[in-house]
Amino acid sequence: MQKNTKYKILIVDDSVMNRTILSDILEDNFEILEAADGIEAIQMIKKYNSELSLILLDLVMPNMDGLEVLAVMNSSEWINRIPVIMISAENSPTYIERAYELGTTDFISRPFNAYVVRKRIANTIMLYTKQKNLIDLVSQQVYEKEKNNNLMINILSHIVEFRNGESGLHILHVNTITEALLKRLIKKTDKYNLNHNDIATIVTASSLHDIGKISIPDEILNKPGKLTPDEFEIIKTHSQTGANMLNSMTEYHNEPLVSVAHDICLYHHERYDGKGYPTGISGDDIPICAQVVAISDVYDALTSERCYKKAIPPKKALQMIKDGECGCFNPILIDCLEDVSGYLEKELKVNSSSKRNLNNINKITNELLIKNNFSVSSNSINYLEQERIKYEFFASISNEIQFEYTVSPSILTISEWCAEKFDLPVVIVNPLKNEKLSRFIDKSAISLFKSKIKKTNSDSPVSQFKLRINIDGKPRLHRAYCRANWSYDDNPKLLSIIGKIVDIEDEHQKMQHLKIKASMDTLTNLYNHNHAKELIHIMLDKTENNYALLIFDLDNFKDANDNHGHMFGDSVLKSVADTLTKTSRAEDISARIGGDEFLMFIEYRDIETLKNIVSRIHGKLNSIKFGNYIVMVSAGIATTEQTGYNYDDLFNDADCALYSSKENGKGRYTFYNKNESC
């Protein structure tokens, strides 16, 4: 042990006498913390996690015994960093074996021998300290090597990308799409015998798929028009060139990354029907890594703007791939792409190189921690501890119910504000059976919570739903926002749920007034788009009903402003809004999207009824006149029967239908048809 170092030890025992005896034995050499039971111990571990050098843990305690504390330490992975010595008079082989299975380092029986206690503690701390220093050194070296490898690959691939006149995001997008497809593929089939290590290697190697383009002349690589047959033949050489470049690295032939990158470079333009290049192989003769990168490359090429084309909407790009317009791909991969298309559409919009770097760091760290049992550096732990302190501070002043629920063992931790408001402890063991808690949350709410969490998975961990909580003896409506945390195993398991529950009804009068004011469009007194979306989201929860979203656009509004002035234009917009209000029912939602665009959200019984409603509203709008100026309105309509109950999908499809209306002339309306492209 190092001189002048006071290691911090947590003594957990329900007996004041036992804690006092141990403190007297150890206080000269160690800084002592005490906990009276397992629940208090968990709170202390959370608070002093990075500072604790060892825990002396009693086996038999009320509320939460020593084995349950060990179970929590395992689920939170604290046991990997903090050694635990069990101290107990209970010497049953069953208990002792279970304690060792859960990770305890040593076992000391009562009554205590002061010399034995001090020596075993000193030896354990010294062993863990040396092991931690060694692991920190190794993990830092491995991390730096991995980071440098990725950095060099990204630099090289981006040189090619920038030469190719692209946005700088193509490599990042291909990485993202490849990773999403592979994760979906291993869930869909075990045909290709892939694991998470393989996925990481393929994703990294995908950055090099077009490295051979470095040999293509600029005038061909960045030609804005159509390539001649001879020019296309030159472009096609980049596959073989990239493979040859990697082949020339003879000293790295046995490296998995180089081998996978070679296959991707050479075969990512092969097609499933054998009509690709450079070799014309087909089916699963094409390495699966190249098949995945091929479809990823095509999908991003379609959905991104290039020097020779505009970006194609994601749904249309997916349909083009399904229809075989971009070559023939593995049907399983097309199914995977369709499964993750919604995720990709959102992810590719917000993705950035900084986010990818953070993801890489997290991935490397997780691999080190989980597969090699490495600890993180003290700097990382201190940083995480600072983040935890900030989280607890903001939670304490947020005045909302925030919670964390661990599945095994069943423990609920709630925010201090929530505990004080409902007169509950911060930590509740077996909350689903807690009588005090059941006064506030009834069985139906618990059943709803369970069913919603069961529907989550490691790829879609977030859920939100409404439930009733009894406040002062009366049920009040709340909205719960939950995130399920899953393990990193090949077969992930649910570890815990974190979330918050917000009182929907408890709004101060002034806040209500401000909310109403903020929800309105100041010119037309219709709802603004953001508030309309909130209301529509609530209605879409009732999935047994049929709904339609109508988007209206004034065809000749620019003429109104240019020829008559903006005050006249404002009068036109007000008149359109007034007509929408008069033609709508009380339960319909009318809103101004912005500029000269409006929307209406309505419930309908059947499609014929809807057509009559749309015809009536559209006719009223197109009969508005201001002297010689006649309002002309185009409209697009999407229905939940065809599109589903997602607002963004409804809006995109209605907007697509509106685009079709305008292409076919002014003053028309069109229902969305998924078989027609926008």
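Visitor: Starting with F601, is that residue buried or exposed?
Guide: F601 counts as buried, at 0% relative accessibility. Buried means under 20% relative accessible area, exposed means over 50%, and partly exposed is in between, with a 1.4 Å probe and protein chains only.

Visitor: What kind of model is this?
Guide: It's a predicted model, where local features need pLDDT of at least 70 and side-chain atom pairs count only at pLDDT 80 or more, while totals for chains, interfaces and linings use all residues. Residues are numbered from 1 along each chain as its sequence is written, and side-chain values use heavy atoms, leaving out hydrogens and water.

Visitor: Where do F232 and Y277 lie?
Guide: F232 lies in helix α9 (residues 229-247) and Y277 in the loop between α10 and α11 (288-303), so the pair ties together parts 45 residues apart in sequence. F232 is partly exposed, at 38% relative accessible area, while Y277 is buried at 13%.

Visitor: And which way do Y547 and F601 pair up?
Guide: Their ring centres are 5.1 Å apart and their planes sit at 20°, so Y547 and F601 are stacked. Y547 is in strand β13 (residues 546-554) and F601 in strand β15 (residues 597-604), so to speak distant parts of the chain, 54 residues apart. Y547 is buried too, with a relative accessible area of 1%.

Visitor: Switching to helices, what is the angle between α7 and α10?
Guide: Helix α7 (residues 196-206) and helix α10 (residues 256-267) cross at roughly 55°, and their axes come within 9 Å. They are therefore oblique to each other. Angles under 35 degrees count as roughly parallel, over 145 as roughly antiparallel, 65 to 115 as roughly perpendicular, and the rest as oblique.

Visitor: Which residues make that contact?
Guide: From α7 there are T201, I202, T204, A205 and S206, and from α10 P256, L257, V260, A261 and I264. Contact means heavy atoms within 4.5 Å.

Visitor: How does α6 pack with α7?
Guide: Helix α6 (residues 170-188) packs on α7 at about 155°, with the axes 9 Å apart. That makes α6 roughly antiparallel to α7. Among the residues that meet are V174 and L182 of α6, and I199 and V203 of α7.

Conventions
Axes are lines fitted to C-alpha atoms, for helices over the stretch in contact, and angles run from 0 to 180 degrees between N-to-C directions. Helices (H or I, at least four residues) and strands (E, at least two) are DSSP runs, numbered from the N terminus. Rings of Phe, Tyr and Trp (its six-membered ring) pair if their centres lie within 6.5 Å; planes under 30 degrees apart count as stacked, over 60 as edge-to-face and the rest as tilted.
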